[in-house]
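This report describes the nonpolar core, the domain arrangement and one further residue of the structure shown below.

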Amino acid sequence: MPTEPDGAHTSAAELNRTQEAILAAYAELIEELGTDDVSFRLIARRAGVGERTVFRNYQTRVDLLLATAAWIERTVFAREESRSIFDMPLAIREAMERYDRRPELAHVVAETTMRGVSGSAPSPRREHLDAMLRMEVPSLADIERRAIVAELAHIDSAATWVALRRELHMNRRDIADAAAWAAEAVLDPIRGRVG
Amino acid sequence: MADTVDTPTAILASAAVALRDRTFDDISYRSLGDAVGVSERTVYRQFPTRSHLLEGLAGWIEATEFPLPAFVTIPQFQVAARDRFHAFDAAPAFAFVCARAASISPTGEAEPSFLTRTIEGMLQAANPRLNARDLQRATAALLYFASAQFWARMRTSFDMDASETSDVFDRTVERALAALPAMSPAGG
């Protein structure tokens with residue numbers, strides 16, 4: 001996975017090559033073994049680094065898991081940013097299909113966003129949603145804009161894919177459909193209020 | 001512990017107590033065994049992986065701490081969800097466990113939950129001639145927005161309390177119903 005030197009990723013710190021190798025290795029192993037309960041030793045071996053190097057970069061398993069989830073979102077589940085808020089249902093449909101193709105990684109991302117730990121920010125795209133709404137529907141009251149952002153942020157997540165698969169046993173097509181439908185419903189009141 | 005409580009239940013009850021001063025990840029099988037008076041191996045036999053323990057614990061918490069009040073109509077459902085969001089606020093450590101358990105790779109094949117069936121039945125009663133596709137869409141939306149996962153995201157990402165979260169939830173319900181053919185919110 002090539003690292004972009006100009007920091008095209010929107011996340012926090014830039015990763016060095018060792019960290020990238022560790023996170024990529026952990027993600028690979030999670031997918032192969034179907035569990036995140038993998039020893040640091042095995043991760044180190046797969047990454048081609050010493051076990052101590054892993055510990056130095058990620059003191060606890062939780063640190064490692066959070067960093068890996070963020071990396072997975074940025075790389076495996078990377079997407080082109082939407083330009084219009086009204087494109088979100090389409091982006092969400094595509095995201096659900098992506099999650100469905102890599103279910104183990106989708107679970108990792110979903111679970112880490114639900115830990116209530118300060119290091120895990122469950123809604124990284126929140127600012128972008130807010131910016132699009134301010135630009136396209138400037139007449140929107142703060143409270144309504146906040147609600148729309150919250151609703152779309154909730155729908156546009158790996159947790160959505162997991163919930164619909166776990167609770168309703170829906171298949172890829174139905175999950176994509178239901179998520180897109182919900183996003184359209186959220187946007188219905190403002191379709192005729194642009195500019 | 002009363003003699004009538006079986007071992008897995010005793011273990012889960014003990015884990016729930018441990019959540020008061022530790023995160024789930026810091027609760028060891030050994031400490032659970034000690035607290036209940038069984039061996040660590042017994043705990044592993046009941047919960048072969050930590051995912052099993054997480055799911056079991058969430059189930060126990062949902063049943064004992066967060067039962068969703070009964071509802072038949074859509075307005076009743078909204079009140080029930082609001083009440084439960086407030087219950088989550090009052091016991092956030094428990095609520096995050098439920099949110100997390102709902103997000104992991106399932107350890108077994110589960111039946112659709114009672115809540116799923118109830119929401120589906122509620123929507124069908126409000127519009128008996130609703131097509132299956134729209135019924136599935138609306139059931140999914142209502143279920144997912146009434147969930148601990150929604151509460152968790154509103155809290156950690158948007159700093160919302162239960163009242164604000166409930167307001168967003170109510171708005172979502174309105175929007176979902178408005179997207180369906182001729183739904184009556186007061187139906188049922």
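## Nonpolar core

In this predicted model, the largest nonpolar core comprises 112 residues. The residues with the most contacts inside this core are A179(A), A182(A) and C98(B). Helix α10 of chain A, spanning residues 172-187, contributes the largest share of the core, with 10 residues.

Leaving aside residues up to four places away in sequence, A182(A) touches I155(A) as well as A141(B) and A176(B).

## Domains of chain A

Chain A is divided into two parts: domain 1 covers residues 17-74 and domain 2 covers residues 85-190. Taken over C-alpha atoms, the centres of domain 1 of chain A and domain 2 of chain A are 27 Å apart. Their contact takes 12 residues from domain 1 of chain A and eight residues from domain 2 of chain A.

On the side of domain 1 of chain A that touches domain 2 of chain A, helices α1 (17-33) and α4 (61-74) of chain A each supply at least two residues. The helix that gives the most to this side is α4(A), with seven residues. By class, this side of domain 1 of chain A has seven nonpolar, two polar and three charged residues.

## Arg101 of chain A

R101(A) is located in helix α5 of chain A, which covers residues 88-101. R101(A) counts as exposed because 11 other C-beta atoms lie within 10 Å, and a residue is exposed at 12 or fewer.

R101(A) and Y58(A) are 43 residues apart along the chain, and 28 Å separate their C-alpha atoms.

Key: Residues numbered from 1 in each chain as written. Chains lettered and ligands numbered in written order. Predicted model: local features only at pLDDT ≥ 70, side-chain atom pairs only at ≥ 80, totals over all residues. Core = buried A, V, L, I, M, F, W, Y, C linked by C-beta atoms within 7 Å. Buried ≥ 20, exposed ≤ 12 C-beta atoms within 10 Å, placed from the backbone. Helix = DSSP H or I, 4+ residues; strand = E, 2+ residues; numbered from the N terminus. Contact = placed C-beta atoms within 7 Å. Domains from an automatic or database assignment. Nonpolar A, V, L, I, M, F, W, Y, C, P; charged D, E, K, R; others polar.
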